[in-house]
Amino acid sequence: MSFDTAALDALPQTRFRTTTLWHKEATEFSGVSARDLFSAVNLRANRLRLVALNDYVVDADADELVEGDGLFATRQDGVLMPVSDKGPIFLLFPFDEREELRHQTYYSRAVWQLCEVVAAS
């Protein structure tokens, strides 16, 4: 399946404010939660490969992204994120809300310039 911004915007939207390792202060991010996106596509596989425009690749369990309240953010402080600033999609987590998210497991899955999510068969 392929999603453009309009298709992602048509799904339920989620937002939260959090600090990250890559921003100087707490920032609001909004987009589609992993839970809502995976439900919309009726995801059956649990193992995923996350691919960024810069060829960064990391594997993750879909359950882990959902349990961590993962967000496929398309906006930062209400503005679409350009490729030059971590867009078009930045997968991140509400690091400030839960201490267990402030761990390398989740930091490595916070993929910016996300362009592809491949489900393992």
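Predicted model: local features only at pLDDT ≥ 70, side-chain atom pairs only at ≥ 80, totals over all residues.
The chain is built from four helices and eight strands. Read from the N terminus, these elements follow the order α-β-β-α-β-β-α-β-β-β-α-β. The radius of gyration is 13 Å, close to the 14 Å that the globule rule gives for 121 residues, so the chain is as compact as a globular protein of that length. Along the principal axes, the C-alpha atoms occupy a box of roughly 40 × 30 × 25 Å. Of the contacts between residues at least 6 apart in sequence, 59% link residues at least 24 apart.

Buried residues make up 43% of the 121 residues of the chain. The accessible surface amounts to about 6,700 Å², and carbon and sulfur atoms account for 47% of this surface. The chain carries 12 positive and 19 negative charges, whose mean positions lie 1 Å apart.

The largest nonpolar core contains 32 residues, and Phe-38, Leu-65, Phe-72 and Phe-95 have the most contacts inside it. Elements that contribute two or more residues to this core include the strands β2 (27-33) and β3 (47-52) and the helices α2 (34-40) and α3 (62-67). Beyond its neighbours up to four places away in sequence, Leu-65 touches several residues, among them Phe-38, Leu-48, Leu-91 and Arg-109.

Arg-109 is located in the loop between α4 and β8 (114-119). Arg-109 counts as buried because its relative accessibility is 12%, below the cut-off of 20%. With neighbours within four places in sequence left aside, the contacts of Arg-109 include Leu-50, Val-58, Asp-59, Glu-64, Leu-65 and Phe-93.

Terms used
Residues numbered from 1 in each chain as written. Heavy atoms only, no water. Core = buried A, V, L, I, M, F, W, Y, C linked by side-chain atoms within 4.5 Å. Buried < 20%, exposed > 50% of the residue type's maximum accessible area, 1.4 Å probe, protein only. Contact = heavy atoms within 4.5 Å. Rg over C-alpha atoms; globule rule 2.2 N^0.38 Å. Areas by Shrake-Rupley, 256 points an atom, 1.4 Å probe, with all protein chains shown as cover. Lys, Arg positive; Asp, Glu negative; His and termini not counted. Charge placed at Lys NZ, Arg CZ, Asp CG, Glu CD.
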